[in-house]
Amino acid sequence: MKKILIVSDGVIGHHFVERVVGTYTNDNIYTIIHPSTEVFEGYNRSRFTFYNFDPTSYYKMAGIFKSDFAIAIVAMENALDAEHTIKNIRTLKPSIRMVALDLWNTKSPDDGVEWVNMRQILALNLIDYLPNIPVLAQNIGLGSGEIMEVVDADGMGNSLQVY
């Protein structure tokens, strides 16, 4: 069982937390820091702990890091807040695996953060709507065969299984 820290804010962060709360969560324990007072419904209370404070506060973040987290995910919309939150996490636990949402096309390959570039994700998802381009199904199967759909010029999709 892995302990996962999620630091989020804004619309994207809220949506991300909603998706995590709505997924099957028996294998992980989540600590979620979300600076607003938004309420999330329908989650397994034994698997989720919510905190509402500003994650740029080193003092408040230090209280959370008594747990041994396997990964920290930072989904914040303000670049400066995200930068300070990442610095706080790095100071408190230098070796933690960290994944951060990149809305600003960040150019920091040496910071030890795995950046998820929003521009690349949007472009890849938009390509899925072009006709006659193979679309691979994601997050299904066991990896031995995948399903893909090719949308042809009339907009009708044909499902194919590829081995």
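Threonine 31 is found in strand β2, where strands (E, at least two residues) and helices (H or I, at least four) are DSSP runs numbered from the N terminus. The model is a predicted one, in which local features need pLDDT of at least 70 and side-chain atom pairs count only at pLDDT 80 or more, while totals for chains, interfaces and linings use all residues. Residues are numbered from 1 along each chain as its sequence is written, and side-chain values use heavy atoms, with hydrogens and water left out.

With a relative accessible area of 9%, threonine 31 is buried; buried means under 20% relative accessible area, exposed over 50%, and partly exposed in between, with a 1.4 Å probe and protein chains only. Neighbours within four places in sequence aside, threonine 31 is in contact with Ile4, Leu5, Ile6, Thr49, Tyr51, Ile64 and Phe69, contact being heavy atoms within 4.5 Å.

What does β2 pair with? Two strands pair if DSSP finds at least two bridges between them. Strand β2 (residues 28-33) is joined to β3 by four bridges, and the two run parallel. Within this pairing, isoleucine 32 stands opposite phenylalanine 50, and isoleucine 33 has tyrosine 51 as its bridge partner. β2 also pairs with β1, again in the parallel sense, over six bridges; here asparagine 28 of β2 is the bridge partner of lysine 2.

These pairings belong to an open sheet of six strands, in the order β3-β2-β1-β4-β5-β6, with parallel pairing. At the edges stand β3 (48-51) and β6 (113-117), each with a single partner strand, so one side of each is left without a neighbour in the sheet. Neighbouring strands of the sheet are turned by 15° against each other on average, direction ignored.

Helix α1 (residues 10-21) lies across β1 (2-8), β2, β3, β4 (71-75) and β5 (97-102), and runs at about 155° to β1. Such angles run from 0 to 180 degrees between N-to-C directions, with axes as lines fitted to C-alpha atoms, for helices over the stretch in contact. Helix α4 (residues 118-127) lies across β5 and β6, at about 40° to β6.

Which residues of α1 are buried? They are Gly13, His14, Val17, Val20 and Val21. These residues cover an arc of only 125° around the axis, which puts them on the same side of α1; the arc is that of the directions from the helix axis to the C-beta atoms. An α-helix has 3.6 residues a turn, so residues three or four places apart point the same way. The buried residues of α1 pack against β1, β2, β3 and β4, whereas Val11 and Arg19, on the other side of α1, are exposed.

Turning to the whole chain, there are four helices and nine strands, and from the N terminus on the elements run β-α-β-β-α-β-α-β-β-α-β-β-β. Of the 163 residues, 33% count as buried. Among contacts between residues at least 6 apart in sequence, 47% join residues at least 24 apart.
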